[in-house]
Amino acid sequence: MIKNGHHAADREAEKGEPPGGSDLDQRSVVRVWCDGCYDMVHYGHSNQLRQAKAMGDYLVVGVHTDAEISRHKGPPVFTQAERYKMVRAIKWVDEIVEGAPYVTTLQTLDQFNCDFCVHGDDITLTVDGEDTYAEVKREQRYRECKRTQGVSTTDLVGRMLLMTKTHHSNMDNPDYLQHTDNFGKGPKGHSPWTGVSQFLQTSQKIIQFASGKEPQAGDTIIYVAGAFDLFHIGHVDFLEKVYNQAEKPYVIVGLHFDQEVNRYKGKNYPIMNVHERTLSVLACRYVSEVVIGAPYAVGRDLLDHFKVDLVCHGKTEVFPDKDGSDPYAEPKQRGVFRTLDSDNGLTTDDIVQRIIENRLLFEARNQKKEAKEMAVFEAMKRRGETTEDAAQLSSQ
């Protein structure tokens, strides 16, 4: 069971300041800028924004348009409207700027009154192979945060194109190796897929995402359950609708273990493992708490333990439990079950279908991205810059 929320004390601790000992009230607000595509938003994006917010007080996030992304790196999976809404739903984000320029300049920072920008310790290149943060780096208005190992949009696209269980287990599988060959062409290519399945969950990461609050007197405790695989805009719209069911909502999300998800969804789902799905859900501003490995049937013990006032489910199909019974029989009997229409029919299946339909475009995008990065890496090696940064670049 994970508690959610983000407090100033947490932020002070991350910056090395003792809780309660900060002079936040005595100084001007530090405004931080982040920008990116934020395509297929995952816990890696959320972790970047969490780290960026910890460096200041107010986080402004610029999100690029579809046209800009297509020009510099290839077609995005999600539309700009979907990406704007996804980023707004991340709990560390205070404000977003729609249609932010792909190259971050001093003018951009000044326009939005930001002290500096934050990016991960990988590299972002324009269509011409130039560092998009070169100008702000020169003027020392650039800071780095640690890239989250084991996931990227490229990784997730690869898992969907491959659609085998190797994304959960054995990366020596011949199918997986053939897939990496298809996406890492070129004699000097270093496949971007090598990071898949490298994510290792730690209690510290959960604490960083979920250091939160207990339900307070007067809160309405609302429970929802599911896979929440490839956490996407359909999930966000549903959770926002759940959140709006009460004046003081306390939303608990029950996440099913991978084996349970595979039982009722079939194929090779889930695409993301339960640890990855936990962080994705915890980053959502509408969620108060997560139950990891929640029972499929929402029974008496669960409802009583959490003192649940309301159980919600979307318009998607409810699959029966292993014994054929209705997993929501108990809340229905108690009169606390409610079906909600989020007005968004997007499913994980739909996202996978988008990827498959545009497979050649995404293959070309990933090969183009890797070729640019490898060219920069080789140039760094020729200049003798065989530093840790260069090594990290090769692993992206």
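Biologist: Of the residues in the lining of the largest pocket, how many are nonpolar, how many polar and how many charged?

Modeller: The classes come first: Ala, Val, Leu, Ile, Met, Phe, Trp, Tyr, Cys and Pro count as nonpolar, Asp, Glu, Lys and Arg as charged, and the others, Gly among them, as polar. By that scheme the lining of the largest pocket holds 14 nonpolar, 13 polar and 7 charged residues. Please keep in mind that this is a predicted model, in which local features need pLDDT of at least 70 and side-chain atom pairs count only at pLDDT 80 or more, while totals for chains, interfaces and linings use all residues. Residues are numbered from 1 along each chain as its sequence is written, and side-chain values use heavy atoms, with hydrogens and water left out.

Biologist: What is the volume of the largest pocket, and which residues lie nearest its centre?

Modeller: Rolling a probe the size of a water molecule over the atoms shows where empty space is left. On a 1 Å grid over the protein atoms alone, a pocket is an open set of points with protein on both sides within 12 Å along at least five of seven lines, whereas a cavity is a set where a 1.4 Å probe fits but cannot get out; lining residues have an atom within 4 Å of a point. Points are joined across faces, edges and corners, and the volume is the space filled by probe spheres set on them. Here the largest pocket holds about 780 Å³, and of its 34 lining residues, His 235, His 313, Thr 316, Glu 317 and Thr 347 lie nearest the centre.

Biologist: Which helix supplies the largest share of that lining?

Modeller: Helices (H or I, at least four residues) and strands (E, at least two) are DSSP runs numbered from the N terminus, and the chain has 17 helices and 11 strands. Helix 10 gives the largest share of the lining, 3 residues; the elements that each supply at least two include strand 7 (220-226) and helix 15 (348-357).

Biologist: How many cavities of 30 Å³ or more does the search find?

Modeller: The whole structure contains 6 of them.

Biologist: Is Ser 342 buried or exposed?

Modeller: Buried means under 20% relative accessible area, exposed over 50%, and partly exposed in between (1.4 Å probe, protein chains only). Ser 342, in the loop between strand 11 (337-339) and helix 15, has a relative accessible area of 15%, so it is buried. Contact means heavy atoms within 4.5 Å, and, leaving aside neighbours within four places in sequence, Ser 342 is in contact with Gly 234, Asp 237, Phe 238 and Lys 241. In helix 7 (residues 153-162), 10 of 10 residues are buried; one of them, Leu 161, has a relative accessible area of 9%, and its C-alpha atom is 6.9 Å from that of Ile 355, 194 residues apart along the chain.

Biologist: What is the mean pLDDT of the chain?

Modeller: pLDDT is the predictor's confidence in each residue, from 0 to 100; its mean here is 81, and 74% of the residues reach 70 or more. Over residues 5-26, however, the pLDDT is below 50, and it stays under 50 over residues 175-197. Where pLDDT is low, the predicted coordinates should not be read in detail.
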